[in-house]
Amino acid sequence: MTVRTIKENVYSVGVIDWDRQVFDELLPLPEGTSYNSYLIKGSEKTVLIDAVDSDFEEEFITNLAKSDATAIDYIIVNHAEQDHSGALGIFIELFPQAKIITSEKGKELLKSLLGIPDFRIQEVSDMEELSLGDKTLQFRITPWVHWPDTMMTYLKEDRVLFSCDFFGAHYATSSLFTEDWHSHYILAKRYFAEIMMPFRKKVSEYLEMLKDYDIEIIAPSHGPLCNRPEVLFEYYREWSSDEVKNLVIIPYVSMHGSTKKMASYLTDALISRGIEVRPYDLGRLDSGRLAMDLLDAATIVIATPTVLFGPHPKAANIAFIANILKPKAKYVSIIGSYGWGGKAISDLQAMTSKLDVEIIEPVYIKGAPVEENFIGLENLAGEILKKHKEKNIA
Ligand SMILES: Cc1cc2nc3c(=O)[nH]c(=O)nc-3n(C[C@H](O)[C@H](O)[C@H](O)COP(=O)(O)O)c2cc1C
């Protein structure tokens, strides 16, 4: 991996994980990721901001050697999750004089997750500053974007915000700074949807807080750096707002084709009413792609047959995901088919109980759909359009 200069005496020393395909055993990574680490050499003190995933210890230590970083006084841990802190163990062995700077919660997590000894850790509070001689760092404690420990670090003289996962993207690219804005937009949105969506209120709060800062460069912990901060700010404002689009998503699963026919019919009925639609075959799901649409959709229609008296497990999984991601959707409905009876509808409603949504009357039918069922789906499409119009979404 290459060490690259961001500003005078400020370097990128992290690693690029080109081939990683899944994160947290959950999130697909279509474009790999990076674990960013930054080295800042002040006239008196040298600091590192974050380490990398433990799989890349060797490359990381090699980068530090290449940067002539013989004496590192501090490592700032903006976030204790192992993709940033995994290589901390080897780091503290090789740099026995280096202190770890982190938040109160970060300290607790570093001790419990990585067994870091107490005496190596120096806790900081919000707004506290650390002088490196000719450079000054200010720490902002910003919990819940996305763990309780998260903090950001601002390098005053160079106007660089080390924003941690905030403004991040799982994006392996050789560009130090974002060049391909189209790719960046999609990957940053995917990241926001997967990681930040449940914390939209906190995101808005921190966007307000950051208004007081003169930021030239955003240096996140994943993905390329950004030297047009206003663009990322604008995206984050949009994604964290309550605004939704005239979009319906229809995650569907079907064992023998009846529910699929219904999902397909409803898709066409919505399109013919000028509503954007995105059906998702849950057998081939990219959950990150779905999460991005969950950020925009005004309405979610879950389509499932009844299986063993409840929803199909793949539909239950989606209900569970939607419930924890807390999307902005205003309406939910359910369509599908059953053979003899069950509780698919009430189970799904219970599974999405955290969503602040209005339920639109489900269309749940016995067996394969016939003419009157298609009329029911036409009516559902009409009802969705009416609801969107009432809220000025359509
Ligand atoms: C494994 C299995 C379990 C089922 N369990 C139920 C059930 O508990 N209650 C019910 O009403 N129908 C049950 N059914 C019947 C289906 O819900 C019914 O055939 C439905 O029309 C299938 O829709 P699909 O064609 O979209 O897969 C079950 C079907 C299968 C294959």
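This is a predicted model: local features need pLDDT of at least 70, side-chain atom pairs count only at pLDDT 80 or more; totals for chains, interfaces and linings use all residues.
The protein chain has a mean pLDDT of 96, and 100% of its residues reach 70 or more. The scores for the model are ipTM 0.98 and pTM 0.95.

Two domains make up the division of the protein chain: domain 1 (4-240) and domain 2 (245-388). Their C-alpha centres are 38 Å apart. Nine residues from domain 1 and eleven residues from domain 2 take part in the contact. On the side of domain 1 that touches domain 2, strand E5 (27-28) and helix H5 (181-196) are the elements that give two or more residues. H5 supplies the largest share of that side, four residues.

Around the ligand there are 18 residues, of which Met-255, His-256, Thr-259, Pro-305 and Gly-339 come nearest. Helix H8 (258-271), E20 and E22 each give two or more residues to this shell.

The table lists the residue classes of the two sets.

In helix H11 (residues 344-351), the buried residues are Ala-344, Ile-345, Leu-348 and Met-351. These residues are on the same side of H11 because they cover an arc of only 130 degrees around the axis. The exposed residues Ser-346 and Ala-350 are on the face of H11 turned away from its buried side. Among the elements that the buried residues of H11 pack against are helix H10 (313-325), strand E20 (306-307) and strand E22 (331-338). E20 and E22 also contribute to the shell around the ligand.

Methods:
Residues are numbered from 1 along each chain as its sequence is written. pLDDT is the predictor's confidence in each residue, from 0 to 100. A residue is buried if 20 or more other C-beta atoms lie within 10 Å of its own, exposed if 12 or fewer, and partly exposed in between; C-beta atoms are placed from the backbone. The arc is that of the directions from the helix axis to the C-beta atoms. Two residues are in contact if their C-beta atoms, placed from the backbone, lie within 7 Å. A residue is near a molecule or strand if its C-beta atom, placed from the backbone, lies within 6 Å of it. Domain bounds come from an automatic or database domain assignment.
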